Amino acid sequence: MGQHTRTAMAGLLLAAALPARADYGMNLVRGVTETSHTAFDLHMISLWVCVAIGVVVFGAMFYALFAFRKSRGAVAANFHENTTVEVVWTIIPIVILVAMAIPATLSLIKLEDTSDAELTIKVTGYQWRWQYEYIDQGVSFFSNLASSSRDAMNGDPSGVENYLLDVDHPLVVPVNTRVRFVITSNDVIHAWWVPALGWKQDAVPGFINDAWTNIPEPGVYRGQCAELCGKDHGFMPVVVEAKTREDYDAWLVAKKAETEAAASGADRDWTLDELVERGKGVYGTYCVACHQASGQGIPPAFPSLVGSKITTGPIEGHVDIVMHGKAGTAMQAFAAQLNDVDLAAVVTYERNAFGNTMGDLVQPKAIKAAR
Ligand SMILES: [Cu+2]
């Protein structure tokens, strides 16, 4: 095949592929909210202003190169300083910049105004998951990378839908509602970002940033952590599900019931098998990123739990490090993240998995007493 044929074929293939990619192509995402539409429009206005300036400037330049070239006998003008020209080429750009800055500033002011929200959600970044607390609604949960993505990470992810962009518990919000977000972090700096909403906000430990949105249409909107936050930065996606008011209300009721059910049984005695089985799930969601499915960790950063001093030592010490973490290391305190049953289960699991055979267990009641 000749060079030209090949180039032409590549061009055809590219052209055929374009419609399929038109959704995101090379431009910004237009998004679904008023904020994202404004950002998109401002971006387009700026782009076309740049294009117009480019056409005028390069047009004048190429025309001068062509029409006044030496071979045509052009003779250079011989003058210095022209006040009129200098004033004109200073004033015109200033006018253009100010004209572009006014709508941009007005949009920024609107973006910053988080008043009059009907619902406030606190978003907290963790290594490596998000926590959503519905203020005044009594609902709070963690949102982790979906297990379908986690399971495929070391294998073949090609068949996984929304690979690395799916979570176990999405953030659910009602449509046509002004929702205010207060955003912070529990450890390092993360950033909460859903392109379709039109903004990104840093989650900084010790600070509270706020933002708002109002999603007009039901749908699923996906995003990611947008601040490099450590080993699993690419594995803490954000999924927002906008539901109609009725669906949202039903979801809220179900979520409350689910939270209560998950914490139930804290007062009864559990068997070793029950705890190990439950602990396996907790471990797979909360601990596996650092300590690995095999329990062998990634030493020296993330220690092995196989036959370690703590996992095969006195159970009180084991409970203590899981509940309270270890200051100055990546081992965070799980006391606030997990309920009594989950804490008891994960500790019991670690003592009876990966080849550890302690045969002992800790009851949820004992965790409650240790809080
Ligand atoms: Cu992050």
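**A walk through helices and strands**

Of the 30 residues of helix H3, zero are buried, so H3 lies largely in the open. Buried means that 20 or more other C-beta atoms, placed from the backbone, lie within 10 Å of the residue's own. The model is predicted: local features need pLDDT of at least 70, side-chain atom pairs count only at pLDDT 80 or more, and totals for chains, interfaces and linings use all residues. Residues are numbered from 1 along each chain as its sequence is written.

H3 covers residues 83-112. Helices (H or I, at least four residues) and strands (E, at least two) are DSSP runs, numbered from the N terminus. At 1.5 Å a residue, H3 should span 44 Å, and its end C-alpha atoms are 43 Å apart, which agrees. The expected span is 1.5 Å times one less than the number of residues.

H3 has a partner in helix H2 (residues 34-67): their axes come within 11 Å and cross at roughly 170 degrees. Axes are lines fitted to C-alpha atoms, for helices over the stretch in contact, and angles run from 0 to 180 degrees between N-to-C directions. H2 and H3 are therefore roughly antiparallel, the word for angles over 145 degrees. On the H2 side, Thr35, Thr38, Leu42, Ser46 and Val49 make the contact; H3 brings Ile96, Met100, Pro103, Ala104, Ser107 and Leu111. Contact requires C-beta atoms, placed from the backbone, within 7 Å. By class, this contact has seven nonpolar, four polar and no charged residues. Nonpolar covers Ala, Val, Leu, Ile, Met, Phe, Trp, Tyr, Cys and Pro; charged covers Asp, Glu, Lys and Arg; the others, Gly among them, are polar.

Now take another helix pair. H6 (residues 272-286) and H9 (residues 340-351) pack at about 95 degrees, with axes 7 Å apart. That makes H6 roughly perpendicular to H9, a label for 65 to 115 degrees. Their contact has 10 nonpolar, two polar and four charged residues.

Next come the strands. Five of them form an open sheet in the order S3-S2-S1-S5-S8, with mixed pairing. Strands pair if DSSP finds at least two bridges between them. S3 (139-143) and S8 (209-213) are the edges, each pairing on one side only. S5 (residues 179-185) and S8 pair in the antiparallel sense over five bridges. Phe181 stands opposite Ala211 in S8.

A hairpin joins S6 and S7, with four residues between the strands. S6 (residues 190-194) and S7 (residues 199-203) pair in the antiparallel sense over five bridges. His190 faces Ala203 in S7. In this hairpin, Gly198 takes a positive phi near 90 degrees.

Note on methods: Angles under 35 degrees count as roughly parallel, over 145 as roughly antiparallel, 65 to 115 as roughly perpendicular and the rest as oblique. A residue is buried if 20 or more other C-beta atoms lie within 10 Å of its own, exposed if 12 or fewer, and partly exposed in between; C-beta atoms are placed from the backbone. Two residues are in contact if their C-beta atoms, placed from the backbone, lie within 7 Å.
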